[in-house]
Amino acid sequence: MLRQHCPTYLKMDGVPVRLALARAFVRFILERTRGNQARAAELAGFNRNTLRRLIRCFRIDWAFYAAK
């Protein structure tokens, strides 16, 4: 759905809006699950490996959320 409504050329602070939204979403679900990647993936409807790939791609420190 995001692909339909958010053109690739829209940028926010030099970053494509789609990527910024995806990164914010991953950070949000990690915060909600206190860094538990399996629960975060289930909550998001992702495969756990997909979530881990996104965490690595966006360079998110998931341990930061586990420490909270």
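1. Basis of the note. The model is predicted, so that local features need pLDDT of at least 70 and side-chain atom pairs count only at pLDDT 80 or more, while totals for chains, interfaces and linings use all residues. Residues are numbered from 1 along each chain as its sequence is written, and side-chain values use heavy atoms, with hydrogens and water left out.

2. Overall layout. The protein chain holds 5 helices and 2 strands, in the order α-β-β-α-α-α-α from the N terminus. Helices (H or I, at least four residues) and strands (E, at least two) are DSSP runs, numbered from the N terminus.

3. Burial and surface. Among the 68 residues of the protein chain, 26% count as buried; buried means under 20% relative accessible area, exposed over 50%, and partly exposed in between (1.4 Å probe, protein chains only). The protein chain exposes about 5300 Å², of which carbon and sulfur atoms supply 53%. These areas come from the Shrake-Rupley method with a 1.4 Å probe; for residues, only the protein chains shown count as cover.

4. With 16 residues, α2 reaches 22 Å from its first C-alpha to its last, close to the 22 Å expected at 1.5 Å a residue; the expected span is 1.5 Å times one less than the number of residues. V17, A20, V26, I29 and L30 are the buried residues of α2. T33, in the loop between α2 and α3, is buried at 6% relative accessibility. Leaving aside neighbours within four places in sequence, T33 is in contact (heavy atoms within 4.5 Å) with R39, A40 and L43. Just after α2, R34 takes a positive phi of about 55°.

5. The loop between α3 and α4. N47 lies in this loop and is partly exposed, with a relative accessible area of 46%. A polar atom of the N47 side chain lies 2.7 Å from the backbone nitrogen of N49.

6. Aromatic pairs. Rings of Phe, Tyr and Trp (its six-membered ring) pair if their centres lie within 6.5 Å; planes under 30 degrees apart count as stacked, over 60 as edge-to-face and the rest as tilted. The count by this rule is 2 aromatic pairs. F25 and F46 are edge-to-face, because their ring centres are 6.2 Å apart and their planes stand at 85°. This pair links distant parts of the chain, F25 being in helix α2 and F46 in the loop between α3 and α4, 21 residues apart. The rings of F64 and Y65, with centres 5.2 Å apart and planes at 80°, are also edge-to-face. F64 is partly exposed at 45%, whereas Y65 is buried at 5% relative accessibility.

Notes:
Polar contact = N/O pair within 3.5 Å; in protein donor to acceptor, adjacent residues only side chain to side chain.
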